[in-house]
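Please look through this model with me, point by point. My notes follow the order in which I would read it.

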Amino acid sequence: MKNQAYRMALLYDFYGDMLTERQKEFYDLYYNEDLSLSEIAENYGISRQGVRDVIVRAEATLTELEDKTGIIRRFHVMQDQLKVLGDDVSAIARRNAQQYQDEEIEALTERITAALDKLRQE
């Protein structure tokens, strides 16, 4: 269940702006505020089934967008590659500190590390 909640949160983070205002509102209440379908229905004066329909349509829209674009999948691949690059740069910096003490290598590894940090924040 946690995997499903995480997946839904990612879908919303990446594609939430593509939903209608009502879909965004109900989706947020259901997944982020952890309200039940009944609680949302009561607050908005509609049926539980009506709330469920809105959320199911929102989920379908978000899933379809990811299926077509693959942005989240590519995001995960990029994060994995950034980690590999960071590990490799750290290894180079350690080896330089232990064996070579080359100032140019040190400056380059610091610059690469700073660029990787910036990419991770994007």
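1. **Overall shape.** A compact globule of 122 residues would have a radius of gyration near 14 Å, but this protein chain has 22 Å. The radius of gyration is taken over C-alpha atoms, and the globule rule is 2.2 Å times the number of residues to the power 0.38. Along the principal axes, the C-alpha atoms fill a box of roughly 70 × 25 × 25 Å.

2. **What kind of model this is.** The model is predicted: local features need pLDDT of at least 70, side-chain atom pairs count only at pLDDT 80 or more, and totals for chains, interfaces and linings use all residues. Residues are numbered from 1 along each chain as its sequence is written, and side-chain values use heavy atoms, with hydrogens and water left out.

3. **Secondary structure.** The protein chain has six helices and zero strands. Its pattern along the sequence is α-α-α-α-α-α. Helices (H or I, at least four residues) and strands (E, at least two) are DSSP runs, numbered from the N terminus.

4. **Surface and burial.** The accessible surface of the protein chain is about 8,800 Å², and 51% of it belongs to carbon and sulfur atoms. These areas come from the Shrake-Rupley method with a 1.4 Å probe; for residues, only the protein chains shown count as cover. Buried residues make up 25% of the 122 residues. Buried means under 20% relative accessible area, exposed over 50%, and partly exposed in between (1.4 Å probe, protein chains only).

5. **Contacts and charges.** Take contacts in the protein chain between residues at least 6 apart in sequence: 56% join residues at least 24 apart. Contact means heavy atoms within 4.5 Å. The chain has 16 positive and 24 negative charges, and their mean positions are 5 Å apart. Lys and Arg count as positive and Asp and Glu as negative, while His and the chain ends are not counted. The place of a charge is NZ of Lys, CZ of Arg, CG of Asp or CD of Glu.

6. **The cores.** Which residues make up the largest nonpolar core? There are 10 residues: Met8, Leu10, Leu11, Tyr12, Tyr15, Leu19, Tyr27, Ala58, Leu62 and Ile72. Helix H1 (2-15) and helix H4 (48-69) are the elements that give two or more residues to this core. H1 gives the largest share, five residues. A second, separate core has eight residues, including Phe26, Leu29, Ala41 and Val51. A nonpolar core is a set of buried Ala, Val, Leu, Ile, Met, Phe, Trp, Tyr and Cys residues joined through side-chain atoms within 4.5 Å. In soluble globular proteins, nonpolar side chains tend to be buried together.

7. Leucine 11 lies in helix H1. Is leucine 11 buried or exposed? Leucine 11 counts as buried because its relative accessibility is 1%. Leucine 11 and leucine 62 are 51 residues apart in sequence, yet 5.9 Å apart in space, C-alpha to C-alpha. Setting aside neighbours within four places in sequence, leucine 11 is in contact with Gly16, Leu62, Thr63, Glu66 and Ile72. With residues up to four places away not counted, alanine 58 touches Leu19, Gln23 and Tyr27.

8. **Arginine 48.** This residue lies in helix H4. Arginine 48 is partly exposed, because its relative accessible area is 45%. Arginine 48 and serine 38 are 10 residues apart in sequence and 5.3 Å apart in space, C-alpha to C-alpha. Not counting residues up to four places away, arginine 48 touches Leu37, Ser38 and Ala41.

9. **Two loop residues to check.** Aspartate 34 sits in the loop between helix H2 (21-32) and helix H3 (37-44). Its phi is near 60 degrees, a positive value in a residue other than glycine. Aspartate 34 is exposed, at 65% relative accessible area. Glutamine 101 is in the loop between H5 and helix H6 (103-121). Its phi is also positive, about 50 degrees, although glutamine 101 is not a glycine. Glutamine 101 is exposed, at 55%.

10. Asparagine 96 lies in helix H5 (residues 71-100) and counts as buried at 4% relative accessibility. Leaving aside neighbours within four places, asparagine 96 is in contact with Gln101, Asp102, Ile105 and Glu106. Threonine 109 is in helix H6 and is buried, with a relative accessible area of 8%. Threonine 109 touches Val89, Ile92 and Ala93, not counting residues up to four places away in sequence.
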